[in-house]
Amino acid sequence: MNWFVVRTKPKHEFKAQDYFKSLMVQTYIASTPMLKSNKYKIPKVVLPSYIFTRLEKLDYNLINCNPYTRDVLKVSGKPALISDKEIQVMQKHLTSSYDGNDFYNVTVGDLYSIPHGMFSGQTGEVVQKTKNKISLLLKSLGVVITISLK
């Protein structure tokens, strides 16, 4: 199975996804949770007007029957193919999900560069480590943040 990039009408990503769900088509929208002023999270689309669909082969009839989609993203005249691994990396980055391998060799006092998430690229000193989380002092921002395993 491959992931194909489908262009949607502006601000219709979730409606397009719901339509594909009703047809039992697996989709993914690159989004990250945003906290609203009244303390609830809503998804913020990171790649506006695009959704990823997982299909055995590209079916233009299926794409065109969705009233919220426009066309398929093409690169050099061919539909863009996205691998499962690329989708997983994108999901991990956008949700700031970490696993045991991310913290395996980390000890208190080490410098740790955050590989993905909101603070991607920031480096901080590990000030505390437990079984499932580490706390980093980000001197550049003057804050201590805690990263948890999911």
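In the predicted model, four strands form an open sheet in the order 10-11-12-13, with antiparallel pairing. Strands are DSSP runs of E with at least two residues, helices are runs of H or I with at least four residues, and both are numbered from the N terminus. Two strands are taken as paired if DSSP finds at least two bridges between them.

Residues are numbered from 1 along each chain as its sequence is written, and side-chain values use heavy atoms, with hydrogens and water left out. Local features need pLDDT of at least 70 and side-chain atom pairs count only at pLDDT 80 or more, whereas totals for chains, interfaces and linings use all residues.

Strand 11 (residues 123–129) and strand 12 (residues 133–138) run antiparallel and are joined by four bridges. Lys129 has Ile134 of strand 12 as its bridge partner. Lys133 is also placed in strand 12. Its relative accessibility is 37%, and Lys133 therefore counts as partly exposed (buried means under 20% relative accessible area, exposed over 50%, partly exposed in between; 1.4 Å probe, protein chains only). Leaving aside neighbours within four places in sequence, Lys133 is in contact (heavy atoms within 4.5 Å) with Phe103, Gln128, Thr146, Ile147 and Ser148. The C-alpha atoms of Lys133 and Ser148 are 4.2 Å apart, while the two are 15 residues apart in sequence.

Two salt bridges are present in the structure, the criterion being a side-chain nitrogen of Lys or Arg within 4 Å of a carboxyl oxygen of Asp or Glu. In one of them, Arg7 pairs with Asp71, and the closest N and O atoms are 3.0 Å apart. Arg7 lies in strand 1 (residues 2–8) and Asp71 in strand 6 (residues 69–72), so the pair ties together parts that are 64 residues apart in sequence. Arg7 is partly exposed at a relative accessible area of 30%, and Asp71 is partly exposed at 33% relative accessibility.

Asp84 forms a salt bridge with Arg54, with 3.0 Å between the closest N and O atoms. This pair links distant parts of the chain, 30 residues apart: Asp84 is in helix 3 (residues 84–95) and Arg54 in strand 5 (residues 50–55). Asp84 counts as partly exposed at 31% relative accessibility, as does Arg54 at 22%.
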